[in-house]
Amino acid sequence: MDTSPRYSFVLPVYNERDVLPLLFERLDALSGSLDGTVEFLMVDDGSNDGSRPMLQIKAQGDPRYRVVGLSRNFGHQVAITAGIDQSRGEAVIIMDADLQDPPEVALDLIRKWREGFAVVAAKRDSRAGEHGLKLATARLFYRVLASLTPVRIEHDVGDFRLMDRKVVEAFKRMREQDRFVRGMVSWLGFEQTTVPYSRAERAAGSTKYPLSKMLRLATNGIIGFSDIPLRVALWFGALVSVLAIVFGIYVVAGWIWSDSLVQGWASTVVILSFLGGVNLMMIGVAGLYIGRIYEQVKNRPLYLLDETDEDATR
């Protein structure tokens, strides 16, 4: 007898003791509005403020809650992955535990899923309580990423989303270490759409995503989905080489028709400029090969099937 729930909610938790009581209240209320059974996977990412005992007490008294306890703090993206790996539902909904992602928006995600979409992401049309610098840098990041990668990643979309079981199984095959979950899900393809929502302020506590972690996530997003930085090194090296040759011609001409050059300076400048450009170009070429090795060792599947003949005959 299949006892798998219809919906799995994955919520990474890191030092969220203050917000957990309100979170439980909102999730309990939400579960009564769902059209199927549900499990709440609370992924404790090495909390040290007493969050895990609170999660365990809730799970002991309510079978809908499951605790996935990590041995230490591995980071938000790995915590999401751990929860997805443990999920059993037909649809998996990822959301933050700080209530900036309102649980009630999951109903909108589910409605789109029932229309046939395999991935439904929540798109922020407003972000309460966040300062202007963070908003500006977030907008800049998404636009830079869009210009650097061929993978279409929606602007102003975080990890708050619903994924169909077939997408989850495909995602579980992607095991790279430096993870950028929203980009990885976009790379998978399938029918994807968004629903707008207003991102709320934190219900309690402080942010667990300081500037350093945001920069690391942005770096993972750019490096993991684009080889443009490697190509920039190649073309910059080629440009320097061309300029060195032009400058070399100018220096040689000056050496021939002018007596003002210091002896030995012309040959030194030409050789150093040319070799510097060649070195940069060779580093760029080597970088392209390293980039291909990097893509290979990530071991992503070559392709994914959305539908087969067997599916069509069911």
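In this predicted model, a polar atom of the arginine 165 side chain lies 3.2 Å from the backbone oxygen of serine 87. Arginine 165 belongs to helix H6, which covers residues 165-171. Its relative accessible area is 19%; the cut-off for a buried residue is under 20%, so arginine 165 counts as buried. Apart from neighbours within four places in sequence, arginine 165 is in contact with Ser87, Arg88, Gly89, Glu90, Val92 and Lys172.

The nonpolar residues come next. In soluble globular proteins, nonpolar side chains tend to be buried together. Here the largest nonpolar core has 33 residues, and the members that touch the most others are Phe9 and Met42. Helix H1, residues 20-31, contributes five residues, the most to this core.

With residues up to four places away in sequence not counted, methionine 42 touches Leu11, Val13, Leu23, Phe24, Leu55, Tyr65, Arg66, Val67 and Val68.

Helix H7 spans residues 181-188 and is mostly covered, with seven of its eight residues buried. Those buried residues are Val181, Arg182, Gly183, Met184, Val185, Ser186 and Leu188. After H7 comes glycine 189, which has a positive phi, near 85°.

Definitions and conventions: Residues numbered from 1 in each chain as written. Predicted model: local features only at pLDDT ≥ 70, side-chain atom pairs only at ≥ 80, totals over all residues. Heavy atoms only, no water. Buried < 20%, exposed > 50% of the residue type's maximum accessible area, 1.4 Å probe, protein only. Helix = DSSP H or I, 4+ residues; strand = E, 2+ residues; numbered from the N terminus. Core = buried A, V, L, I, M, F, W, Y, C linked by side-chain atoms within 4.5 Å. Contact = heavy atoms within 4.5 Å. Polar contact = N/O pair within 3.5 Å; in protein donor to acceptor, adjacent residues only side chain to side chain.
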